[in-house]
Every structure is written in structure tokens, then in C-alpha cells.
Amino acid sequence: MTSPEIASLSWGQMKIKGSNTTYKDCKVWPGGSRTWDWRETGTEHSPGVQPADVKEVVEKGVQTLVIGRGMSEALKVPSSTVEYLKKHGIDVRVLQTEQAVKEYNALVAQGVRVGGVFHSTC
């Protein structure tokens, strides 16, 4: 199963190839995607993306996880989350969301089992 390409990104809107849903924030993995609802884990811009936010994508068997921190990089990623991913043998890339989408799609094109969590606003 391959990771779906991100078809488009604009402020507050993301579309995933093969899905009719328009996301604000989303999680993507080989074979699927869904809304990333921060309320599920109590995530806020600070301290940011928690291990609980990426656990679901990790469990999908990704080799690399790309984290989009928002258009203005307002979303933080604490070292505990990066350490959690590395402990699970996952290469992690933390970038501004537009750059993160480009990186994610490049990895998809290379056939990497890539996942992502993306914040499409601030």
C-alpha cells in the first residue's frame, strides 16, 4: 500500500488525492488519511505535537514521518515527540507546512512508506 499524495494546500485547507474530504489539519499514512482533531489528545500550539498525536500514524508502519508545523510555524514539536519517533526507528522531518507537503510528496514519489501530520493554518 502506498502513501497518498497531497493534492493541494492553502490556508486552512488540504486535499488528499483519492479523498473527497477537505481537511484543516490531517493525518496521512500508507493507504489512508483522516482529520487530525487536536481535542483528541489535548494538543495546543505549545507544547505542540505530542507522541499521542503521532502514535496512530506510527502504528501504520511508516518509515518516515513528516510534521507540518503550520504556515507560520506556530505549532511546536517538543523533543519528547522526536525522541518517541526515533525510538520506533522512524525518520522524522519537522518543517513549515508548505515545505512539509513538498517533502512528503517527494517521499511518496520515491516510494517511501511515509506518513504525516499537518497543520494548515498559523
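Modeller: One word first, since we'll need it: contact means heavy atoms within 4.5 Å. This is a predicted model, where local features need pLDDT of at least 70 and side-chain atom pairs count only at pLDDT 80 or more, while totals for chains, interfaces and linings use all residues. Residues are numbered from 1 along each chain as its sequence is written, and side-chain values use heavy atoms, with hydrogens and water left out.

Colleague: Okay, what makes up the secondary structure of the protein chain?

Modeller: Helices (H or I, at least four residues) and strands (E, at least two) are DSSP runs, numbered from the N terminus. By that rule the protein chain has three helices and eight strands. From the N terminus, they come in the order β-β-β-β-β-α-β-α-β-α-β.

Colleague: Why is Thr81 called buried?

Modeller: Buried means under 20% relative accessible area, exposed over 50%, and partly exposed in between (1.4 Å probe, protein chains only). Thr81, which sits in helix α2, has 0%, so it counts as buried. Leaving aside neighbours within four places in sequence, Thr81 is in contact with Val49, Gln50, Pro51 and Val54. Over the whole chain, 47% of the 122 residues count as buried.

Colleague: Which residues of helix α1 are buried?

Modeller: In α1 (residues 51–58) they are Asp53, Val54, Val57 and Val58. Look down the axis of α1 and these residues fall within an arc of 130°, so they line one face of the helix. That arc is taken from the directions from the helix axis to the C-beta atoms. They pack against β4 (25–29), β6 (64–68), α2 (79–87) and β8 (114–119).

Colleague: What makes β8 count as mostly covered?

Modeller: Six of its six residues are buried. Val114, Gly116 and Phe118 point one way, while Gly115, Val117 and His119 point the other way. In a regular strand the side chains alternate between the two faces of the sheet.

Colleague: How do you know which strands pair with β8?

Modeller: Two strands pair if DSSP finds at least two bridges between them. Four bridges join β4 to β8, running antiparallel, and five join β6 to β8, running parallel. Both counts reach at least two, so both are pairs. Val28 has Gly116 as its bridge partner in β8, and Gly68 stands opposite Phe118.

Colleague: Where do β1 and β3 stand in the open sheet of three strands?

Modeller: That sheet has the order β1-β2-β3, with antiparallel pairing. β1 (6–10) and β3 (22–23) are at its edges, each with a single partner strand, so one side of each has no neighbour in the sheet. β1 and β2 (residues 13–16) pair over four bridges, and Ser10 has Gln13 in β2 as its bridge partner.
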